Amino acid sequence: MKKLRIFLLVLLGAILVVPFLIPVNTTGTMTKEQAAEEIWNGNSHWIELAGHEVHYVEAGDPNSGRLVVLLHGFGASAYSYKNNLEILSGVGHVIAYDRAAFGFTERPTEWEINPYGTPGQLQVLDELINRFGEGKEVFVVGHSAGGSIAASYAAKNQDKLTGLVLFAPAVLSGGGGPSWLNWIFDIPQLDHLGPLLVSTIATSGLDILYASYFDEALVTQETLAGHTKPLEVAGWEEAFWQFNKAPRDRTIGERLTEITTPTLVITGDTDEIVATADSEKVAQLMGADLVVISQTGHLPNEEKPIEFANAVAQFILGISS
């Protein structure tokens, strides 16, 4: 019995102490500015929103009477819209920005409002719209998890929006585990190892990228570089861990019918990430216009950039005053 107690005490000690002996280092070696330069060639901008520096790119006339804000999905960045900017610039001032934990936006480890969770991301979007959209028609375009943020924003700020575009929106399933389990992530031992645990996204993320295309041959070396360059920024693992811990709005799927803002839903006909049928259901629930792009997966903005951008532009022009 005494030996058993000793064994259990040693085991408990190991569980409490050993995790802190495991080194957790970042693989990133670049600053956000250095990495952004290699993708955007001097076209990057940063603006302080919700207490941290948000990276964005822009196109079109800043004096236009229309503002078009582009939100990317999970694991992506403003790069996803790179081949849409020229067409969309014809309908207004376009801003595509990197959500916290992704792209080249600052990755804070201290904050007053958590930039990685839904409340913080809604604040970023609201401050950006207030900064660039005063007195303008405002259109928000959101992809996948970014579509969830866009829909959540629309549900609370319909007076600020002229139109909403959701494509492959991840709104009918909450994603992640139940919120009441979040306390587990704050266990010190797990919190220490968290960045190491989530670092596997560096390889598994490529599987998701390929699965997001109908035609994998379109995933070029340039595409791969655009999606993976943010993983060369120092501290990306810690930020991604904080993103996974952060609070989410898992109720937006139940509140879609509250949104009366004119809405367009776009989906690829072979989406394996957010099922095409789910996007079609979102359009039905919202009474929204629906565009289905053929032979396209989860990233129509990348796989069929001209067709996608034209659909968005036509929708904007069709409801604009």
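This is a predicted model: local features need pLDDT of at least 70, side-chain atom pairs count only at pLDDT 80 or more; totals for chains, interfaces and linings use all residues.
**Entry 1: confidence**

The protein chain has an average pLDDT of 90, and 86% of its residues score at least 70.

**Entry 2: helices α4 and α5**

Two packed helices are described by the angle between their axes and the distance between the axes. I looked up both for helix α4 (residues 118–132) and helix α5 (residues 145–156): their axes are 10 Å apart, and the angle is about 70 degrees. Angles of 65 to 115 degrees count as roughly perpendicular, so α4 and α5 are roughly perpendicular to each other. I noted their crossing as right-handed.

Which residues make the contact? From α4 I listed T118, Q121, L122, L125, D126 and I129. From α5 I listed I149, S152, Y153 and K156. Sorted by class, the contact of α4 with α5 has 5 nonpolar, 3 polar and 2 charged residues.

**Entry 3: helices α7 and α8**

Next I turned to helix α7 (residues 201–211) and helix α8 (residues 221–228). Their axes come within 11 Å and cross at roughly 130 degrees. The crossing of α7 and α8 is right-handed.

On the α7 side I found L206, L209 and Y210, which meet L224, H227 and T228 in α8. By class, I noted 4 nonpolar and 2 polar residues in this contact, with no charged residues.

**Entry 4: salt bridges**

Side chains of opposite charge can pair when their charged atoms come close. How many salt bridges does the whole structure hold? The search finds 7.

Where do the two partners sit? E53 is in strand β2 (residues 52–59), while K32 is in helix α2 (residues 32–40). The two are 21 residues apart, and the pair links distant parts of the chain.

Conventions
Residues are numbered from 1 along each chain as its sequence is written. Side-chain values use heavy atoms; hydrogens and water are left out. Axes are lines fitted to C-alpha atoms, for helices over the stretch in contact, and angles run from 0 to 180 degrees between N-to-C directions. Helices (H or I, at least four residues) and strands (E, at least two) are DSSP runs, numbered from the N terminus. A crossing is left-handed if the near helix is turned anticlockwise from the far one by less than a right angle, and right-handed if clockwise. Contact means heavy atoms within 4.5 Å. Ala, Val, Leu, Ile, Met, Phe, Trp, Tyr, Cys and Pro count as nonpolar, Asp, Glu, Lys and Arg as charged, and the others, Gly among them, as polar. pLDDT is the predictor's confidence in each residue, from 0 to 100. A salt bridge is a side-chain nitrogen of Lys or Arg within 4 Å of a carboxyl oxygen of Asp or Glu. Angles under 35 degrees count as roughly parallel, over 145 as roughly antiparallel, 65 to 115 as roughly perpendicular and the rest as oblique.
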